[in-house]
Amino acid sequence: MTNKSQQPATKKVVVTGLGMVTPLGVGKEEFGRKLFAGECAIDTIKSFDTNAFTSHLGAEVANFSPRDFISVKNLRRMDKISLMTTASARLALEDAEIKINSANRDRVGIILGTSFGATDVTVQFADTLLTQGPSFVNPILVPNTVMNAPAGHASIELGFRGVNTTVTHYAVSAETAIGYAVEEIRRGTADFILTGGVDILSKFYYEALTKFHALSPGDQEQEKCRPFDDARNGFVVGEGCGIICLESMDSAVARSREPYCEISGFGLGASPTKPTCWPKETVGIKKTISRALKKAEIGIDDMQVICAAANGSKVLDATEAEAYREIFGSSKAKPAITSLKGALGESFSGGGIRSCALALSMKKNVLPPTVGLSNPIRSLNFIMDRKKDINITNAMLAGISFGGTYAYLVFTNCDK
Amino acid sequence: MNKNKRIVITGLGTLNAVANNVQEFTRALREGVCGIKPIDLFDTKEFRSKNGGQIKNFIAHDYIPNDFSLKRMSRADQLSFAATLEALDDAGLYPLSNSLKEEMGIAIGGGSGGLWEAENFYSNLLKKGASCAHFSKLSSVYCASSADKIASGLRLTGPKTTFMTACSAGATAIGYARDLIVNGHASVMLAGGVEPMCRITYAAFNALKSVDPDVCRPFDKNREGLSLGEAAAIMVLEPLDAAVNRGAKIYGEILGYGVTCDSFHMTAPDEQASGAVRSMQAALKDSGLSIDNVDYINAHGTATPVNDIMETKAIKEVFGKRAYLIPVSSTKSMHAHTLGAAGALEAIVSLLALKNGFIPPTINYSQRDSQCDLDYVTGGSREAQLHTVLSNSFAFGGNNTTVIFGKYAGRDTEND
């Protein structure tokens, strides 16, 4: 039985639009300017009181005005996570110069990653149920408690009706969603797919992270996010949404759109790891990278850049750095390594925002610095202090999650 | 990528309201057993409904050998782990060889995850304050926990992903898993869904008044809403040639799937049925089949007043006059609506129907609705040699997924 809808694997999938609502700014101009200037969005949390907690820092989205992006009719029904998602999706469509109309709406879709969804709304609902009982819960909250609500709201506001899926797997949610979207473009199920990730800060979620001793603590030590640094003592949590617009190279050429870059391959993997613990062994990272490179049909010597997963956690950063030492120790390539989490915090589904950043880097041939890094744990080619001009042919976006899940994406320059 | 690579199902595992294994499930589906009964997992006094499809007599140790720690496993984790072991055993792959662990991945449709356990935690938090609450109880609250527990427990190192598109998640996970094998990201995939009974979810559907106070009556004139249920449903997917080479039992083949979005409303289905129509059409296109090939439809059939009219209309629009000739049943009348697991559980129903040659009935049906005028198999199950079964799953957020399964009749693989 032949399968007519499937296309050859050689179909190139390219990034043609970027949209983001981040602690470093809304939209690619503001975001890019602050990112490459090495600005840090981490500050004392303002949206809720952290006095009772052991940590007080976070990277919060500020100066985001949903009304600039979303109709009043739909805006009223949306919670924070859906507002950020819908605004980012609109920005990505605009950046890609795609107008949704009745001719194309069934060929535009969204595949979104979120690690924890609307923790604020879910807790609000549970709170009423537990304190006042089933008769008092508010049915209006229910639709927003499901993790697929942000993608649903975005589709309603923007009017696209193609493939629509929400993926969750902790800290690799966005990377996994993007990989799925790449295959869907290749398979021809949609002409344009918006993909990326979103997560939000909420008080309950923040408190839970402090109880897991995951965050950089501020009581005895200096609270700070220090990816790959000797003095790192935990991560600082962030929030936000980053969405990229994918289409086939043929489609981009036909529309005379110059892509930011190609996503030439991805690899997925796992390693047995205790729940909620970062992996201590490098085997999962190495295996996943080799799968990603094989799919992109390149070797390790072809890799110039790694946008790392490191977030200032003692275990994660050590494992990731060790994996790169093992992989690149004997190779000619000494890829430049940067982590954006020192500036943006760890937002788990931040793979969407990081993909936007990497796409900008590919276009401008410049890498943002690893904010918060001054004494690297290993002698790798870390980008510190300030941005670096670098010709990028291939770059990797690292996705590593607690619980032992991995997703690596390979970004390739379209001009080379 | 071998674009014509055929993927078959060689193992099934399930626990649900009418059966604690696949053999019992086949019998229950044939006999039309109703598993919707009073719930005893929590107090239902204040709820509109008192009934649900609860799994009976589940003692985790009876299903999960001592080699695996049950510590920190939520009910959802335990149920899905038990179903996974049954599916692997059924496929003749358990215990797993080391080479298989390398190339095996997992994709699960999730729902409430560990929310039931989290509720106890949260209740303590509200009553006694943060210092007395055991935040470690949250380690399995998210639905991604089940795939983590299974992958780590079995030491799998292939892809690991969780889908959160509410009631279509289990179906999407199966389609995604097929593509991961087709595209060379894994050799064998576990795919399915899990949804535990949970008071918060129960409260949410009661607040929306979308539950029937008694038992759900799909397509019946007097239907008042759905019945909530719980289930784990896992299947083993592998390439046809690999299954044939090892002489495996083959339940059926995944011929195609389609995913679309209503872009209409967060909870209400589009009465024009456009999203459902397009998802069935997308699945037909993906499978390369015509409407004449489909000989049984396992409906979404939630028994809400709106869904059943909308779905009937959609089937008529896709199949034209042939709609009246195709048996359509909602097995939710037996096992209830299992949300995140529903698509996977009903995929198992479809495969058992194909393999064993029968059409499962819609039970609890007594009065005809003039707007629901198809053949709903209301007079008990029918013996029938089926070749192609279509299964629908529609969700909050406007997410629609349709999967099409085909009987594997021992055709040779030469013309692949």
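User: Great. What kind of model is it, and what are its ipTM and pTM?
Analyst: It is a predicted model, and it scores ipTM 0.96 and pTM 0.97.

User: And what is the mean pLDDT of chain B?
Analyst: The mean is 94, with 98% of the residues of chain B reaching 70 or more. Residues 412-416 of chain B have a pLDDT below 50, and this stretch has five contacts in the model beyond near neighbours in sequence.

User: Okay, how many helices and strands does chain B have?
Analyst: Chain B has 13 helices and 14 strands. Its C-alpha atoms fill a box of roughly 65 × 55 × 40 Å along the principal axes.

User: What does the radius of gyration say about chain B?
Analyst: A compact globule of 416 residues would have a radius of gyration near 22 Å, and the 20 Å of chain B agrees with that. In chain B, 66% of the 416 residues count as buried. Among contacts with a separation of 6 or more, 80% link residues 24 or more positions apart.

User: Which domains is chain B assigned?
Analyst: The assignment gives domain 1 (7-245) and domain 2 (256-406). Their C-alpha centres lie 21 Å apart. The contact between them takes 59 residues from domain 1 and 56 residues from domain 2.

User: Which element gives the largest share of the domain 1 side?
Analyst: That is H7(B), with seven residues. Other elements that each supply at least two residues there include strand S1 (7-15) and helix H1 (22-31) of chain B. By class, the domain 1 side divides into 29 nonpolar, 22 polar and eight charged residues.

User: Switching topic: how many residues of chains A and B are in contact with each other?
Analyst: There are 65 residues of chain A in contact with 64 residues of chain B. Among the elements giving two or more residues on the chain A side are helix H4 (119-132), helix H7 (173-187) and helix H10 (283-296) of chain A. The chain A side has 28 nonpolar, 28 polar and nine charged residues.

User: Which strands are joined by bridges across the two chains?
Analyst: S6(A) is joined by two bridges to strand S5 (residues 160-163) of chain B, and the two run antiparallel. As part of that picture, A:Thr168 stands opposite B:Thr162 in S5(B).

User: What else does S5(B) pair with?
Analyst: S5(B) is also joined to S4(B), by four bridges, and those two strands run parallel. One partner pair there is B:Gly109 with B:Phe163. S4(B) has six bridges to S6(B), also in a parallel arrangement, and B:Gly105 has B:Met189 as its bridge partner in S6(B).

User: Is S4(B) buried or exposed?
Analyst: Six of the six residues of strand S4 (residues 104-109) of chain B are buried, so the strand is largely enclosed by the rest of the structure. B:Met104, B:Ile106 and B:Ile108 point one way, while B:Gly105, B:Ala107 and B:Gly109 point the other way, and all are buried.

User: Nice. Now, which residues does B:Met266 touch?
Analyst: Leaving out residues up to four places away in sequence, B:Met266 touches A:Arg77, A:Pro143, A:Ala149, A:Gly152, B:Phe396 and B:Gly397. B:Met266 is in the loop between strand S8 (252-261) and helix H10 (274-287) of chain B.

User: Why does B:Met266 count as buried?
Analyst: B:Met266 has 21 other C-beta atoms within 10 Å, and a residue is buried if 20 or more lie within that distance.

User: What else is in that loop?
Analyst: B:Ser263 lies in the loop between S8 and H10 of chain B too. B:Ser263 has a positive phi of about 50° although it is not a glycine. With 24 C-beta neighbours inside 10 Å, B:Ser263 counts as buried.

User: Why point out the positive phi?
Analyst: Because most residues other than glycine have a negative phi. B:Leu339 is another case with a positive phi, near 45°. B:Leu339 is in the loop between helix H12 (332-335) and helix H13 (342-356) of chain B, and B:Leu339 is buried, with 32 other C-beta atoms within 10 Å.

User: Last one: which peptide bond is cis?
Analyst: The bond from B:Tyr94 to B:Pro95 is cis, with omega near -5°. B:Pro95 is in the loop between helix H3 (75-90) and helix H4 (98-103) of chain B.

How values were computed. Residues are numbered from 1 along each chain as its sequence is written. Chains are lettered from A and ligands numbered from 1 in the order in which they are written. This is a predicted model: local features need pLDDT of at least 70, side-chain atom pairs count only at pLDDT 80 or more; totals for chains, interfaces and linings use all residues. Domain bounds come from an automatic or database domain assignment. Two residues are in contact if their C-beta atoms, placed from the backbone, lie within 7 Å. Ala, Val, Leu, Ile, Met, Phe, Trp, Tyr, Cys and Pro count as nonpolar, Asp, Glu, Lys and Arg as charged, and the others, Gly among them, as polar. The radius of gyration is taken over C-alpha atoms; the globule rule is 2.2 Å times the number of residues to the power 0.38. A residue is buried if 20 or more other C-beta atoms lie within 10 Å of its own, exposed if 12 or fewer, and partly exposed in between; C-beta atoms are placed from the backbone. Two strands pair if DSSP finds at least two bridges between them. pLDDT is the predictor's confidence in each residue, from 0 to 100.
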